[in-house]
Amino acid sequence: MQTSLAIILSIVVALLLSVMPLPEPVSLARPMWLALVLSCWVMALPHRVGLLTAWLAGLLSDVLFGQLFGQNALVMTLVVWMVLLLYQRIRRFPLWQQSLVMLPVFGIAQMVALWLNSLSGNRPPTLLFLLPAVVSAVLWPWVFSLLRGVRRRFHVN
C-alpha cells in the first residue's frame with residue numbers, strides 16, 4: 001500500500017507542477033514533469049509502473065489541461081515505452097549520461113505532441129516547442145535523485 005501511495009503522490013505532484021502558473025517567458029520552458037516522474041519510476045520499478053500507468057496518468061493530464069482526450073496519454077505511453085526498451089542500459093550510466101539519453105526520448109515525445117497539436121489546429125509557431133525537452137533532460141539528475149531518495153526512505157519496491 002505504501003509503495004503505491006508514494007508513486008501516486010509523486011504523479012499527483014508532477015501534475016500539479018505541470019499546471020502551476022508561471023510567467024509567460026518561463027512557461028515556454030516548463031519541464032515535462034509527468035514524463036520525468038514516470039520515466040524515473042519506470043527505471044526504478046519497471047514491474048510496477050508501465051504502459052497502463054502512463055496511459056492513465058496521461059488521461060488525467062488531458063483532463064487537467066483540457067486538451068484533446070488521449071493526446072497526453074499517447075505521449076506519456078510513448079515515453080514510458082521508450083524508457084522500458086532502454087532502461088536496462090540506461091541504469092548503468094552515470095546520471096549526466098542518463099540525461100543525454102533522455103534528451104531524445106523527451107524530444108521525440110515533444111515532436112509527437114507537436115504533430116498532434118498541428119492535427120487539431122493548435123500549432124506553436126516556432127521550434128521553442130522543443131525547449132521543455134531540453135529543460136527536462138537538464139533536470140533529470142535532480143528529479144531522479146529526489147525520487148530515488150523517496151524510494152529508499154519509504155522502502156518503495
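1. In what order do the elements of the protein run from the N terminus on? They run α-α-α-α-α-α-α. The count is 7 helices and 0 strands. Both are DSSP runs numbered from the N terminus: helices are H or I with at least four residues, strands are E with at least two.

2. On provenance: this is a predicted model, where local features need pLDDT of at least 70 and side-chain atom pairs count only at pLDDT 80 or more, while totals for chains, interfaces and linings use all residues. Residues are numbered from 1 along each chain as its sequence is written, and side-chain values use heavy atoms, with hydrogens and water left out.

3. Overall fold. The C-alpha trace spans about 45 × 30 × 30 Å along its principal axes. Residues 24 or more positions apart supply 67% of the contacts with a separation of 6 or more (contact: heavy atoms within 4.5 Å).

4. Burial. Of the 157 residues, 44% are buried, meaning under 20% relative accessible area with a 1.4 Å probe, protein chains only.

5. Helix α7 covers residues 131-153, 23 residues in total. From first C-alpha to last it reaches 33 Å, close to the 33 Å expected at 1.5 Å a residue (1.5 Å times one less than the number of residues).

6. α7 has a kink of about 50° at Leu 139, shortly before the proline Pro 141. The bend is the angle between axes fitted to the seven residues ending at a residue and the seven starting there. Pro 141 is buried, and so is Trp 140. Other buried residues of α7 include Ser 136, Ala 137, Val 143, Phe 144 and Leu 147.

7. After α7 comes His 155, with a positive phi near 55°.

Technical notes:
Buried means under 20% relative accessible area, exposed over 50%, partly exposed in between (1.4 Å probe, protein chains only).
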